[in-house]
Amino acid sequence: MTVTEAVLSRRSVRAFLDTPVPMPLIAEILRKASRAPSGGNVQPWKLYVLAGEPLDDFKALMQRRIIECPEGDLPLEYHVYPQPLKAPYRDYRFKNAVDYSTAVGIAREDKAGRQRLFANNYRFFGAPLALFCFIDREMGSPQWSDLGMFLQTVMLLVREAGLDSCAQECWSRYHRTVRDFLKSPEELMLFCGMAIGSGDPDAAANRMQADRAPLEDWCKFVVGETP
Ligand SMILES: Cc1cc2nc3c(=O)[nH]c(=O)nc-3n(C[C@H](O)[C@H](O)[C@H](O)COP(=O)(O)O)c2cc1C
């Protein structure tokens, strides 16, 4: 698989088969992904991998948690989006949400249906393997961007291995629950989770391909005379 093939075939998969992911494969993917660049080579990513019985236990805990505490673990540690989210970003976000609910046959007005759909996040969409990515609280935005490079490298290597993934910021809403379960040190702040496994090719949730804005909308070429 070329890099282009990995980039173009990666998409956020939101329904997985239960086929297990071999642990040596994931360890190898993470080892390779740590070749991702980071400013000053500080390598700020801190990962937890969850699978098997601990993952089942955690999913069961989360099914209870989202019912008893739907607002999440307050106070939140960070807002996933600026509040309010301005145009054009909020339009992109809105369209993405509409396209997703349309793909799975849930009407925009069906709030309960949309909530149930969102709650699939908290079962990792049925994936047999999950990652949690943390960062030391002392780190700033440059190091958070290093996490992004690391995580995209993971997702591309996951594609190369014939598997699928979905990054999940939604876990930040249950940061305390995740940290208590993993017994992660207080100095680590949860950025996101990631579901990994084999995508279910027949699932409606995997039918959507998210749009992208055209190049001209977000890139200006200031280049003078060039070939
Ligand atoms: C850091 C990060 C966090 C995300 N969090 C979630 C999430 O919590 N739940 C979800 O369904 N998708 C999540 N996504 C997936 C995005 O919605 C998705 O990347 C975007 O809509 C573009 O679609 P694509 O990945 O299929 O190209 C996340 C993506 C990133 C990069």
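Mentor: Let us begin with Pro75, which lies in the loop between helix 3 (52-68) and helix 4; please keep in mind throughout that this is a predicted model. The peptide bond joining Leu74 and Pro75 is cis, with omega at about -5 degrees. Pro84 also lies in the loop between helix 3 and helix 4, and a cis peptide bond joins Gln83 to Pro84, where omega is about 0 degrees.

Ser101 counts as buried because its relative accessibility is 3%, and buried here means under 20%. Once neighbours within four places in sequence are set aside, Ser101 is in contact with Ile106, Arg108, Arg114 and Leu117.

Two other loops deserve a careful look at the backbone. Gln43, in the loop between helix 2 (23-33) and strand 1 (46-51), has a phi near 50 degrees, a positive value in a residue other than glycine. Phe125, which sits in the loop between helix 5 (111-119) and strand 2 (129-136), is not a glycine either, yet its phi is positive at about 55 degrees. As for accessibility, Gln43 is partly exposed because its relative accessible area is 35%, whereas Phe125, at 4%, is buried.

Helix 6 (residues 141-160) contains Gln152, which counts as partly exposed because its relative accessibility is 29%. From Gln152 to Lys183 there are 31 residues in sequence and 26 Å in space, taken from C-alpha to C-alpha.

The ligand is the next stop, with 15 residues around it, of which Ser12, Arg14, Asn121, Glu169 and Arg212 come nearest. By class, this shell is made up of 6 nonpolar, 4 polar and 5 charged residues, and strand 3 (residues 164-168) supplies the largest share of it, namely 3 residues. In the backbone, an N or O atom of Ala167 lies 3.2 Å from a ligand nitrogen, while for Glu169 a backbone N or O atom is 2.7 Å from a nitrogen atom of the ligand. Arg212 takes part through its side chain, in which an N or O atom is 2.7 Å from an oxygen atom of the ligand. The ligand taken alone exposes 610 Å², and the protein buries 74% of that area.

Stepping back to the chain as a whole, you will find 8 helices and 4 strands, which run α-α-β-α-α-α-β-α-β-α-β-α from the N terminus on. The C-alpha atoms fill a box of roughly 60 × 45 × 35 Å along the principal axes. The radius of gyration of the chain is 18 Å, which agrees with a compact globule, because one of 227 residues would have a value near 17 Å. Of the contacts in the chain with a separation of 6 or more, 84% are between residues 24 or more positions apart. Buried residues make up 40% of the 227 residues, and the accessible surface of the chain comes to about 13300 Å², with 56% of it belonging to carbon and sulfur atoms.

Conventions. Residues numbered from 1 in each chain as written. Predicted model: local features only at pLDDT ≥ 70, side-chain atom pairs only at ≥ 80, totals over all residues. Heavy atoms only, no water. Near = heavy atom within 4 Å. Polar contact = N/O pair within 3.5 Å; in protein donor to acceptor, adjacent residues only side chain to side chain. Areas by Shrake-Rupley, 256 points an atom, 1.4 Å probe, with all protein chains shown as cover. Nonpolar A, V, L, I, M, F, W, Y, C, P; charged D, E, K, R; others polar. Rg over C-alpha atoms; globule rule 2.2 N^0.38 Å. Buried < 20%, exposed > 50% of the residue type's maximum accessible area, 1.4 Å probe, protein only. Contact = heavy atoms within 4.5 Å.
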